[in-house]
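Colleague: I have a structure open and would like to go through it with you. Shall we start with the charged side chains and then move on?

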Amino acid sequence: LAAPLSRIKQHGEMMGDELSRQAQLMDEFHTEVKDTNTKAVKVTNKVTALAEKMRSNSQMCMFLIVLVVFLAVLMIWIL
């Protein structure tokens, strides 16, 4: 009876060790995913800010083009 119980105990300990290793791997994976998510959020925020600046610059360029065309038409009309 002692031998089968010893084998069952040994098998249980091996399963426990394997589960501990798998839990450690899952923790490491979770940490990597969390770090990647944090980096993705930072990059997304930077891209959004850049897009907003580009949109603002585009509007300013359009305003300047319209202003130059208006001044050119005004000068032609005056002359």
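Colleague: In which helix do Glu 18 and Arg 21 lie, and how many residues apart are they?

Modeller: This is a predicted model. Glu 18 and Arg 21 both belong to helix 1, with a spacing of three residues, or about one turn of the helix.

Colleague: What do their side chains form?

Modeller: The side chains of Glu 18 and Arg 21 form a salt bridge, with an N to O distance of 2.5 Å.

Colleague: Let us change topic. Which residues gather in the patch of negative charge on the surface?

Modeller: That patch consists of Asp 27, Glu 28, Glu 32 and Asp 35. Asp 27 sits in helix 1, which covers residues 2-78.

Colleague: Why does Asp 27 count as exposed?

Modeller: Its relative accessibility is 52%, and exposed means over 50%, so Asp 27 qualifies.

Colleague: Now the other end of the numbering. Where does UniProt place the transmembrane region?

Modeller: The UniProt entry, which is unreviewed, places a "transmembrane region" at residues 60-78. In the model, that stretch is 100% helix and 0% strand, and its end C-alpha atoms are 27 Å apart.

Colleague: Which residues form the nonpolar patch on the surface?

Modeller: The members are Met 60, Phe 63, Leu 64, Leu 67, Phe 70, Leu 71, Leu 74, Trp 77 and Ile 78. Together they present about 970 Å² of accessible area.

Colleague: Take Leu 71 from that list: where is it found, and how accessible is it?

Modeller: Leu 71 is located in helix 1. With a relative accessibility of 41%, Leu 71 is counted as partly exposed.

How values were computed. Residues numbered from 1 in each chain as written. Predicted model: local features only at pLDDT ≥ 70, side-chain atom pairs only at ≥ 80, totals over all residues. Heavy atoms only, no water. UniProt positions renumbered as here; feature names shortened; annotations may be inferred. Helix = DSSP H or I, 4+ residues; strand = E, 2+ residues; numbered from the N terminus. Patch = residues over 30% accessible without salt bridge, like charges linked within 9 Å, V, L, I, M, F, W, Y side chains within 5 Å. Areas by Shrake-Rupley, 256 points an atom, 1.4 Å probe, with all protein chains shown as cover. Salt bridge = Lys/Arg side-chain N within 4 Å of Asp/Glu carboxyl O. Lys, Arg positive; Asp, Glu negative; His and termini not counted. Charge placed at Lys NZ, Arg CZ, Asp CG, Glu CD. Buried < 20%, exposed > 50% of the residue type's maximum accessible area, 1.4 Å probe, protein only.
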